[in-house]
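Let's take a walk through a protein chain together. Have a look at the picture first, then read on.

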Amino acid sequence: MRISWGLLSFPATVSAIENGINGWLRYAPLPSDQRPSNLRLPGAIMALSTNKTSPVYTAGQELQSGIKSILNQTLPLYHEPDEYIGSTILVSTTGEFYGREKGDVKATATLADDGYLLRVRAGNVVILGQTERGALYGAFDYLSRITQGRFSDADLVSNPDAPIRWMNQWDNMDGSIERGYAGPSIFFNNNAIPKNFNRVSQYARLLASIGINGIIVNNVNANANLLTDANIDGLGRIADAMRPYGVQVGISLNFASPQTFGGLSTFDPLDQSVISWWTDKTNRLYKRIPDMAGYLVKANSEGQPGPLTYNRTLADGANLFAKAVQPHGGIVIGSRNHAVEFFKGLDGQFLDNVVVQIKYGPIDFQVREPASPLFANIPQTNTAIELQITQEYLGQHRQDQQSHLVYVAPLWKTILDFDLRADGQPSLVRDVVAGRRFSNKRSGYAGVVNVGTNTTWLGSHLAMSNLYAYGRLAWDPTQDPQALLEDWTRLTFGSDPLVLGVITEISMASWPAYENYTGNLGIQTLTDILYTHYGPNPASQDNNGWGQWTRADHDGLGMDRTVSMGTGFAGQYPAEVAGQFENIETTPDDLLLWFHHVNYTHILKSGKSVIQHFYDAHYAGADTAQRFSVAWESLRKKIDTDRFNDVLFPLRYQAGHSIVWRDSICQFYHNFSGIPDGAGRVGKHEYRIEAETMTLKNYKLTGVNPVETASNLTAVVLISNNTSGEVTRKLDFDSGKYDVAINYFDLIGGKARYKAFLNGKLLLGWAGDLENKLGHAFSTKLDGHSATRLTIQKGDVLKITGVADGNELAPLDYVAIWPQGLVD
């Protein structure tokens, strides 16, 4: 691994310690000079509900506590109109409002389900929701405007673009989370449902504030034991905790449960005993959770059981559950391998409360993919787009730190705005999943998220911008990702112009940079697909069942998916789009290698060859990542100490690891193609001292796998796990100031200790303990997961000592010493 740092220093505390638990709902006090001059608070809050589980009642409490926190004013809260006469913030459903004959607000005629009206005039505020949760959404909008200091008189109607706006948790009953990087589950522990639901309620509050109305609380790879009587009651308690915020609870099911859990001899979806079993289990669930959202079922995918076992169709399987939940108003969402050939022939056979959940791209949440063609191939079927907030392939985050900053809303926007041209007509993906394009009633969004017990929820303060943007885009996908980011920044870190500018700059640059230094031109994220989905390993992409199929060889790379020469995948799109992707001249360069296999010397529209673009892009992406921590350091007196340091450490790590990525990918394709870098950079590191060329004491040479993750294809390790050693080198650089980086490997299974000396003076000591500090899945091997880099200052004689611990033999790769202001 490669970690970068210069002179260590930390910001002064400028506010109370914050741990991220409130996310963007901090309601930080608004300084008087930032308060809008036209902000006139009414004398009281009137929430027209006495039901403490009602979102309207919750809205009243949220308004009262929010205004107290932001403006230091306590407004009395009432629930009956005759309790107070005077100006009010009135929050209600339209039915309750008009039922009490309060009304002159006619605009509510345009409200959709969950929509709201916000009217602010002459010191009076009216917040009306078409539903109870719509009223709560309006209250959050009102408070958001005050918090951001962007308040004005308003008369607006806001409606959600799609009815389904759900989260998918991948939580397991033992408390672990698949692709979870933020601590254990808030829903499950030790194969049971815990008693304390404080975090569940806090999570529901965050979700409601961005318009989320449903959640699947367990992993789509479901455990049938969730259906015990005790766990059904536990699920009821989860639903009770989330109900005041209008978030309906649903669950993932294991298709084989009647057999593996219920004792039946079959799970055939057309067998009457199976039908009766699921009907009875569903009725029990709805008796405990009358407003249960429904089921998510993954069938015949990644080893999960399903109807194909009995030669039944996916429609047969989905309709089994749809019939069971239909009397209760529930929805069934089907999730599996979304190949067009599995679904196109079934279009029109699904019941109207079935929704097919489709990953945004055909592969698996890659850094760039084309929109899935399935969105255009099942017009008579409800669909939901599956977006991944969890950064499974995009840098991963866990515990208190994020390994790579990647703001993914711009990626999602490219998919949502893509025009599939179904039947030669405008067919934006966002219009398909809203139900508008094909007149579907139950369509929308599913966000895969790894929320855990960490106080930052996702393992990183900055990663929360992705959760916020997901909810806002699910509500209105026409919104600009940068505008959403700026809203989130003001709510989370305040409105200081420098803070707003820096966070916007580095976040908006993060996805393009990550794409550049991990995999571009549509080749996808060249990560280790076989192991942790982290770190560079382009060789893993091919020749295995999980490969993403780059088809790299000595002459070229890219997967030919054309009809004329390749797999024919391009032909699954409607004719206009299929024609575009079939033709190499009309395929966008950023998807070229996704659809075409080309020679390394193929000339792009930019005028560069493919291989030179690869080299240049990887260097450009890593160069951009170097600037993130530098920009963040300019905020040291603008942000509280804890959050400042929590963000700074992983940004420095990202600066180093982006170079590991850059070098590994460039070296791999340089070796494969034999074509030199026109700029003379790849494989030539004039500022590096390879560890194997230094004077070694108790160290020995070792190989790494993949080999390109070591600078010169070789590293050094201690000769045993119960010894210490050192590497030394007399430096012959000209006198001056230098940055110094040490590239080493950090494994799980031990915490080796290191020290670096210049002329006998201890510069720094560190341990191989990033598994406790950073947020990706760690490795037991010397590879692209474990490669790390750290930076120190110049000296005359450099000595590095290592002490082994467990299976971590204090591995070292190289030392880089370069003039300040350059990038190694």
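## A loop with a cis bond

Proline 706 has its place in the loop between strand 21 (699-703) and strand 22 (714-718). A quick word on the naming: helices (H or I, at least four residues) and strands (E, at least two) are DSSP runs, numbered from the N terminus. The peptide bond that joins asparagine 705 and proline 706 is cis, with omega at about 5°.

Before we go on, some ground rules. This is a predicted model, where local features need pLDDT of at least 70 and side-chain atom pairs count only at pLDDT 80 or more, while totals for chains, interfaces and linings use all residues. Residues are numbered from 1 along each chain as its sequence is written, and side-chain values use heavy atoms, with hydrogens and water left out.

## The whole chain

Let's zoom out. The chain has 18 helices and 29 strands, and its C-alpha atoms fill a box of roughly 85 × 65 × 55 Å, taken along the principal axes. What radius of gyration would a compact globule with 824 residues have? It would be near 28 Å, and the chain, at 28 Å, agrees with that. (This radius is taken over C-alpha atoms, and the globule rule is 2.2 Å times the number of residues to the power 0.38.)

Buried residues make up 62% of the 824. Here, buried means under 20% relative accessible area, exposed means over 50%, and partly exposed is in between, using a 1.4 Å probe and protein chains only. Now take the contacts (heavy atoms within 4.5 Å) between residues at least 6 apart in sequence: 73% of them join residues at least 24 apart.

As for charges, there are 70 positive and 82 negative side chains, and the centres of the two sets lie 5 Å apart. Lys and Arg count as positive and Asp and Glu as negative, with His and the chain ends not counted. Each charge is placed at NZ of Lys, CZ of Arg, CG of Asp or CD of Glu.

Strands of a sheet pair through backbone hydrogen bonds, either parallel or antiparallel. In this chain, 6 strands form an open sheet in the order 2-1-3-5-4-6, with mixed pairing. Strand 2 (77-78) and strand 6 (154-158) stand at the edges with a single partner strand each, so one side of each has no neighbour in the sheet. Two strands count as paired if DSSP finds at least two bridges between them.

Which strand does strand 6 run antiparallel to? That's strand 4 (residues 116-121), joined to strand 6 by 5 bridges.

## Strand 28 and its partners

Next, find strand 28 (residues 797-803), which runs antiparallel to strand 23 (residues 724-730) and is joined to it by 7 bridges. Glutamate 726 has threonine 801 of strand 28 as its bridge partner. Strand 28 also pairs with strand 25 (residues 753-758), again in the antiparallel sense, over 6 bridges.

Leucine 758 sits in strand 25, and its bridge partner in strand 28 is leucine 798. Leucine 758 is buried, with a relative accessible area of 9%. Leucine 758 and lysine 730 are 28 residues apart in sequence and 9.8 Å apart in space, C-alpha to C-alpha.

## Tucked-away residues

Is glutamate 62 buried or exposed? Its relative accessibility is 4%, so it counts as buried. You'll find glutamate 62 in helix 1 (residues 55-71), where it is in contact with Tyr27, Phe140, Leu143 and Arg205, leaving aside neighbours within four places in sequence.

Asparagine 168, in strand 7 (residues 164-169), is buried too, at 2% relative accessibility. Not counting residues up to four places away in sequence, the ones asparagine 168 touches include Ile216, Leu296 and Gln357.

Leucine 296 stands opposite isoleucine 333 in strand 11. Strand 10 (residues 294-298) and strand 11 (residues 331-335) run parallel, joined by 5 bridges.

## Two positive phi angles

Leucine 521 isn't a glycine, yet it has a positive phi of about 60°. Leucine 521 lies in the loop between helix 14 (497-518) and strand 17 (556-557), and it is buried, with a relative accessible area of 4%.

Alanine 810 isn't a glycine either, and its phi is positive at about 45°. Look for alanine 810 in the loop between strand 28 and strand 29 (812-819); it is buried, with a relative accessible area of 0%.
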